[in-house]
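Hi everyone, thanks for coming.

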Amino acid sequence: MATFYIQQFGCRATHADGAALERQLLSRGYVASAEATAADFVVVNTCTVTAAADAQAREAIRKIHAQNPAARLIVTGCYAQRAPEDLAALPGVSWVVGNSHKPQIPELIGAFPQSPASPSVQDFFPADSLHAEPLSISRAPAKILTGDIFEQTALLAAPVLGGEGNHTRPVLKIQDGCNSRCSYCVIPFVRGKSRSLPAEVVLQEIQRLTAAGFREIVLSGINLGTYGRDLSPRVEFLDLLRRILDETTVERLRISSIEPLDVTRDLIELFTSTDRTAQHFHMPLQSGSDRILAAMHRWYRAEHYARRVELIRERLPYAAIGADVIVGFPGESEADHAATLALIERLPFTYLHVFSFSKRPGTQAAKLSNELPIAVIKHRARELRALGESKAAVFRRSQLNTTLRVLTLRPDEDPAADSTPALSSNYLRVRIRGAWPANHWLNVRILNAEGNNLLAEPTTLQRAALAPAGVRGQQICHPESIR
């Protein structure tokens with residue numbers, strides 16, 4: 001049977017799409033290859049959130065083709081939806097499939113000819129199988145299969161078991177697309193309108209994961225707080241969380257990025273009421289200047305955002321609070337930048353993700369002429385990153401001599417490593433003395449901070465309950481059905 005490899009780029013949503021494609025291909029009998037160089041088919045799942053992401057995808061395609069010229073390259077994802085012609089012109093690419101038709105990739109692979117000559121798209125899909133979606137078809141050098149993304153109703157969903165946590169903490173995408181129109185963001189135009197995985201399906205997936213032995217599950221989405229607003233009857237995100245806690249045995253539930261206005265008092269109270277939710281909130285800030293927030297078409301102002309952070313800190317004193325910040329938006333003045341620095345300095349953030357503004361074709365911000373010099377953007381980004389690192393260091397030091405309950409992650413590949421990685425509820429990286437099995441809870445005493453990690457040792461009780469001798473490399477078994 002043919003082999004395949006999926007090369008992933010971008011956010012958790014993109015990785016979730018790739019996991020769903022892998023599940024579909026495995027169910028059809030295809031064999032996953034460990035490397036792109038040995039695969040018959042390589043699916044390159046792209047991101048387009050920045051110009052750098054575009055360049056990274058193009059470089060990877062060229063490299064894969066050079067190393068495995070016999071492979072059939074299928075390029076999909078957000079870049080493929082936004083600019084398919086650019087990707088179709090790259091050497092070695094057989095097909096470019098937009099997000100609009102990503103669910104049909106397994107059918108496309110199944111119908112691929114054995115000879116090098118590629119037939120037309122009609123040979124693969126009868127006209128009535130394309131749901132009357134308009135197609136853009138390029139005859140050379142590669143075929144293009146795209147359509148109106150806003151007509152897309154399917155939501156590719158499968159747990160992502162790789163990546164962060166090394167198969168210990170699966171990520172489940174429950175929402176895709178976005179109905180907002182932030183002036184800098186291309187995502188709505190490449191992922192379409194907001195759509196949600198039905199609550200019953202979410203519960204079934206979580207039940208399968210917990211039955212397989214997973215202890216922490218991460219819920220993700222493009223605009224997670226809008227979950228369920230498209231369903232009939234409508235489902236509130238908060239109600240879904242309550243059902244998950246009531247109807248499944250998941251031991252710890254973590255949510256990914258959520259918009260600040262969706263962080264309500266009721267949501268915070270839910271997190272306060274149980275130790276089964278991770279004390280971790282990641283809320284995109286983007287700017288601390290009201291003038292820039294208005295130009296970005298963000299639906300809040302700096303003080304609205306600040307109040308959300310203060311509410312979290314009041315009710316959950318040790319919660320992780322992270323933010324995304326965009327530096328160098330067109331027209332951003334020194335005063336705007338200073339306002340952002342001042343707001344971040346004032347609030348109890350525990351980490352920051354800093355991004356330089358990247359002009360995205362088709363967005364309103366791309367039309368603005370008052371762009372900042374690259375040197376100015378780099379300087380401001382360095383200031384923000386330094387501030388973020390300082391805030392993170394302060395938070396890590398606040399945990400010294402405390403006891404944290406952590407989830408052990410997959411041990412390091414280095415057999416000489418004398419510690420085991422773990423993650424706390426409040427998103428702190430911990431290194432535990434000794435070799436411990438993955439996917440176990442440990443109560444640990446925080447001894448010191450080293451770089452971005454906290455150094456710890458298990459409590460006496462934990463040492464007696466779970467002896468570390470000879471356990472390195474033990475893993476929880478995962479059914480093939482959820483790989």
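One thing to keep in mind: what you're looking at is a predicted model. The protein chain has 483 residues, and buried ones make up 54% of them. If you count secondary structure elements, you get 15 helices and 18 strands. And here's something about how the chain folds back on itself: take the contacts between residues at least 6 apart in sequence, and 72% of those join residues at least 24 apart.

Okay, on to the sheet with four strands. In what order do the strands of this sheet run? They go β8-β7-β9-β10, in an open sheet with mixed pairing. At the edges we have β8, residues 195–196, and β10, residues 252–255. Each of those has a single partner strand, so one side of each has no neighbour in the sheet.

Let's look at the β10 end. Strand β9, residues 216–221, is joined to β10 by four bridges, and the two run parallel. If you want a pair to find on the screen, Leu219 sits opposite Ile255 in β10.

Two helices go with this sheet. Helix α1, residues 12–27, packs on it and touches β7 (171–176) and β9. The direction of α1 makes about 105° with that of β7. Then there's helix α9, residues 237–247, which lies across β7, β9 and β10. Relative to β10, α9 runs at about 160°.

Now the other sheet. This one is open too, with three strands in the order β11-β12-β13, and here the pairing is parallel. Which strands are at the edges? Those are β11, at 280–282, and β13, at 351–356, each pairing on one side only. From one strand to the next, the twist averages 15°.

β11 connects to β12, which covers residues 320–327, through three bridges, and the two run parallel. His280 is a handy landmark, standing opposite Ala320 in β12. There's a helix packed on this sheet as well: α12, residues 302–315, touching β11 and β12. Its direction is at about 160° to that of β12.

How many cavities of 30 Å³ or more does the structure hold? Two. The largest cavity has a volume of about 90 Å³. It's lined by 13 residues, and the closest to its centre are Asp17, Asn99, Leu156, Asp176 and Arg195. By class, that lining has six charged residues, five nonpolar and two polar. Strand β7, from our four-stranded sheet, supplies at least two residues of the lining, and so does α7 (187–191).

Then there's the second largest pocket, with about 450 Å³ of space. Of its 17 lining residues, Thr350, Tyr351, Ala392, Arg396 and Asn452 are the closest to the centre. Which element gives the most to this lining? That's α14, with seven residues. α14 spans 374–398, and β13 joins it in supplying at least two residues of the lining.

Key: Residues are numbered from 1 along each chain as its sequence is written. This is a predicted model: local features need pLDDT of at least 70, side-chain atom pairs count only at pLDDT 80 or more; totals for chains, interfaces and linings use all residues. Side-chain values use heavy atoms; hydrogens and water are left out. Two strands pair if DSSP finds at least two bridges between them. Axes are lines fitted to C-alpha atoms, for helices over the stretch in contact, and angles run from 0 to 180 degrees between N-to-C directions. Contact means heavy atoms within 4.5 Å. On a 1 Å grid over the protein atoms alone, a cavity is a set of points where a 1.4 Å probe fits but cannot get out, and a pocket is an open set with protein on both sides within 12 Å along at least five of seven lines; lining residues have an atom within 4 Å of a point. Grid points are joined across faces, edges and corners, and a volume is the space filled by probe spheres set on the points. Buried means under 20% relative accessible area, exposed over 50%, partly exposed in between (1.4 Å probe, protein chains only). Ala, Val, Leu, Ile, Met, Phe, Trp, Tyr, Cys and Pro count as nonpolar, Asp, Glu, Lys and Arg as charged, and the others, Gly among them, as polar.
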